[in-house]
Amino acid sequence: MKKIGVFVCWCGSNIAATVDVKAVVEACKKEPNVVFAEDYQYICSEIGQNKMADAIRDYKLDGVVICSCSPRMHEATFRKTAEKAGLNPYMIEVANIREQCSWIHKDIEEGTEKAIVLARTAIAKVLLNAPLQAGESKVTKRALVIGGGIAGIQSALDIADAGFEVDIVEKKPSIGGKMSQLDKTFPTLDCSACILTPKMVDVSAHEKINIFAYSEVEAVSGFVGNFTAKIRQKARYVDTAKCTGCRACMEKCPSKKSLNEFNAGLDTRPAIYIPFAQAVPNKATIDPNACIKLKTGKCGICSKVCTAGAIDYEQKDQIIEREYGAIVVATGYNIINLDKFNELGYSDCKDVITSLEFERLTNAAGPTKGHLICPSDGREPKKIVFVQCVGSRGLRPCDKQYCSKICCMYTAKHAMLLREKHPETEVYVFYIDVRTPGKNYDEFYRRAVEQYGVHYIKGQVGKVIEKDGHLEVQASDLLADEQLHIDADLVVLAAAIEADDTARKIGTMLTASMDTNDFFTEAHAKLKPVESPTAGIFLSGMCQGPKDIPDTVAQAGAAAVKVIGLLSKDTLKCNACVASPNENMCNGCSLCATVCPYGAITYVDKEFRIPGGVQVRRVSQVNEAICQGCGACTVACMSGAMDLKGFTNKEIMAEVESICK
Amino acid sequence: MNFTYYPGCTLKAKGKDLDIYARKCAEVLGVTMDEIKDWQCCGGCYTTSQDEIATKLASVRALVEAKNNNTELLTLCSACHNVIKRVNNDMATNDYFNFRVNNYLKLDQPYNGEATVIHYLEMLRDKVGFDKIKEKVVNPLTGKKIGAYYGCLLLRPSSVMAFDNPENPTILEDFIKAIGATPVIYQMRNECCGAYCTLEDKAIPKKRSDKIIENALSKGAECLITACPLCLYNLKVNGGDKIPVYYFTELLAEALGVK
């Protein structure tokens with residue numbers, strides 16, 4: 001007879017307030033095979049663990065049921081304790097009487113009744129559990145970083161400095177991301193380029209880092225420690241080995257009318273271009289949508305002026321396949337499209353601009369060499385209105401419900417720098433709330449208000465109207481309870497940020513979960529903030545949610561540490577709960593192989609002894625290193641040949657029966 | 001296509017043009033507008049006071065008529081549309097209001113907001129279709145630069161009216177394109193004209209209408225169209241010499257060749 005022990009946890013008052021734990025213990029004692037049952041305040045504590053280990057030894061238990069929180073929380077803890085006490089870790093069952101019981105019930109009687117059912121169910125299952133052994137898989141000691149902004153750069157540098165190889169895949173021609181477009185950074189006002197460029201150079205010079213710029217990840221297969229990624233290196237039509245970055249081609253290119261992405265579309269660039277002075281790699285790229293030669297076959301001027309002979313109009317996209325042990329997602333963000341915010345006049349009025357455009361207009365390397373002008377007629381603005389929360393914290397379909405987090409600080413920065421450089425300009429900031437938590441942040445904002453005389457007005461702008469070459473800003477001052485009409489020269493909109501448009505595609509590719517806003521979800525909001533729930537996938541920067549540069553760099557470092565921890569292992573323990581086919585029942589239909597999302601199932605021809613001879617049959621085989629134990633195949637198998645270890649059909653039926661009892 | 005039609009008082013007096021052209025166009029488009037026999041004034045303005053039902057009974061009667069006819073209730077005047085649609089919403093969502101109205105009206109069947117209220121413009125967009133209208137145009141207003149003037153009543157409160165995006169509406173612009181003309185986007189197109197303030201203090205609608213017209217002219221509009229008799233009145237009185245203002249149905253009739 002199998003001997004089962006049951007522990008019922010109070011979880012302080014989390015469980016005990018809605019579940020009569022003593023009653024659960026008594027009910028469990030009456031179950032067949034249960035030789036021991038006890039309750040305790042915190043079974044996850046050291047004392048609780050010791051009690052469990054002692055009971056396993058003293059009563060020679062064959063299985064243990066712990067009625068506590070979700071197995072996602074402490075199953076691993078309990079398994080370790082069981083193993084130390086000499087019990088196979090898979091002979092542990094957790095009955096979730098917290099998330100699935102005490103937290104959702106108010107009535108103690110109902111809660112207790114349900115807790116007893118859940119405990120009984122776990123007992124029924126553990127009686128059928130078999131000891132399992134986890135296999136091992138090798139770890140490829142190389143990391144993939146998707147995205148070459150400050151998040152990706154920091155993660156890559158940290159991983160590479162620990163001695164592991166890193167590939168950065170960046171879709172744009174240069175790494176650097178949004179930070180390379182910024183002028184100054186809050187709260188210290190140091191120059192963005194001055195602190196970013198050295199890091200970009202470090203990346204480029206690092207012997208362990210490979211940059212795949214102008215490239216995109218096209219497919220990813222495999223699992224933690226053993227990913228395979230297909231990377232599409234888009235044709236630049238320039239041989240990067242030969243290009244010296246001299247920019248002679250840029251000067252001579254006759255097609256100069258493409259919007260310059262780096263300057264937020266405020267000026268134009270040639271069809272062959274290097275996006276900015278400090279670009280890494282410092283190599284030219286031909287924009288196939290603008291190049292006359294690629295479109296019509298006539299021109300070829302760049303190839304004539306290129307002394308290095310680097311131009312190659314015949315270049316094709318290349319697919320590179322590489323193996324990785326871990327993947328860092330650092331796909332970043334964009335600001336939202338403001339076409340739907342007509343009331344603020346962005347699409348109609350040239351002098352209504354986004355904060356990113358403002359950033360370029362005040363940047364010494366920008367289209368005006370840092371000379372702030374109104375884009376409509378080039379005059380110097382005398383009165384400037386900043387509008388915060390454009391598309392953030394809203395409830396309309398075009399709005400994002402979340403706070404974009406960085407806008408309060410960069411708007412304070414813009415306002416302050418403006419007043420510093422042009423004390424004669426009047427600066428207004430309209431806000432819902434000013435949110436500036438963070439080290440030296442609130443002090444920074446106070447400086448804008450108190451020392452620099454920026455007019456902060458609580459209230460939202462309702463309309464921006466073009467009038468005699470000026471902009472009339474209609475707004476409300478909620479504190480004074482007044483309608484305001486301000487004649488402004490320039491209106492700057494702090495547009496909401498959103499996840500990059502490639503995030504969804506990459507999330508699907510990696511089976512990494514995302515929220516409704518396409519931000520990647522962390523494995524645990526507090527305790528696993530840089531891990532995706534999918535093993536081996538880590539999150540860095542804005543792809544996980546709005547954050548500023550200091551937070552991004554901190555998270556990038558944290559993600560790198562997790563990657564280093566993973567890559568420093570030679571092997572990983574596999575999941576012991578894997579699929580296993582019963583060859584005698586398998587009819588070789590291939591359905592399981594079709595549904596397997598990990599490609600873990602193959603088919604082999606095998607000889608079977610039958611009365612009077614030998615029969616060769618095609619049967620399924622599971623690669624236990626690849627199987628993730630999702631169970632899709634067990635559901636799909638028509639003949640019931642496929643079973644999931646640890647969750648066998650028998651075990652699950654026993655649970656169902658126990659619930660229905 | 002049959003609709004129960006609620007014209008409202010203004011469309012029988014100062015706003016006749018809005019109604020006449022709408023009927024002519026409906027004929028061309030194969031739409032039947034069955035006018036309610038003894039409709040009563042909607043009250044002209046949706047009262048926000050919660051303690052009275054009297055000003056809302058006329059709307060409920062029109063709604064009940066549409067329900068009994070098993071057709072949607074078609075409106076044309078923005079003010080009537082606003083009042084009736086909001087009363088219908090009250091009947092569907094405000095239990096206490098519903099209780100008092102049904103208690104008073106003692107209908108054979110209690111009314112619980114079952115009817116659907118549809119504005120003539122919505123009918124053109126959703127039932128006939130702007131593409132269909134494009135096909136039926138015999139006299140396209142090619143090259144004419146028209147500014148759409150929405151006013152407030154069609155769009156707000158947006159959660160109840162559900163007419164179009166209240167900040168960036170497009171239905172009138174799409175309509176203008178359907179009749180072959182060019183829409184002019186100007187920022188003041190959904191700002192209030194001053195509305196009923198004209199009865200109290202003429203300076204308010206004057207100031208607001210001036211601003212609307214000035215903004216439309218600066219963006220190159222040659223004329224304005226509206227669906228609201230009160231907007232038309234305010235804009236005409238205050239700036240009629242600067243820019244012509246038409247009901248949208250008049251231009252539709254012109255394009256369909258029935259003016």
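A nonpolar core is a set of buried Ala, Val, Leu, Ile, Met, Phe, Trp, Tyr and Cys residues joined through C-beta atoms within 7 Å. Buried means that 20 or more other C-beta atoms, placed from the backbone, lie within 10 Å of a residue's own. This is a predicted model: local features need pLDDT of at least 70, side-chain atom pairs count only at pLDDT 80 or more, and totals for chains, interfaces and linings use all residues. Residues are numbered from 1 along each chain as its sequence is written, while chains are lettered from A and ligands numbered from 1 in the order in which they are written.

**Cores**
- The largest nonpolar core holds 221 residues. A143(A), V328(A), V329(A), V491(A) and L493(A) touch the most other members.
- Another core lies apart from it, with 43 residues, including V24(A) and I123(A).
- Of the 661 residues of chain A, 45% count as buried.

**Contacts** (C-beta atoms, placed from the backbone, within 7 Å)
- V491(A) touches D351(A), V352(A), V385(A), V387(A), V464(A), L471(A) and V473(A), leaving aside residues up to four places away in sequence.
- In chain A, 70% of the contacts between residues at least 6 apart in sequence join residues at least 24 apart.
- The contact between chains takes 9 residues from chain A and 8 residues from chain B.

**Layout of chain A**
- Domain bounds come from an automatic or database domain assignment. Among the domains are domain 1 (4–126) and domain 2 (142–234 + 317–332 + 500–567).
- The C-alpha centres of these two, domain 1 and domain 2 of chain A, lie 41 Å apart.
- The C-alpha atoms of chain A fill a box of roughly 90 × 70 × 40 Å along the principal axes.

Technical notes: Contact = placed C-beta atoms within 7 Å. Buried ≥ 20, exposed ≤ 12 C-beta atoms within 10 Å, placed from the backbone.
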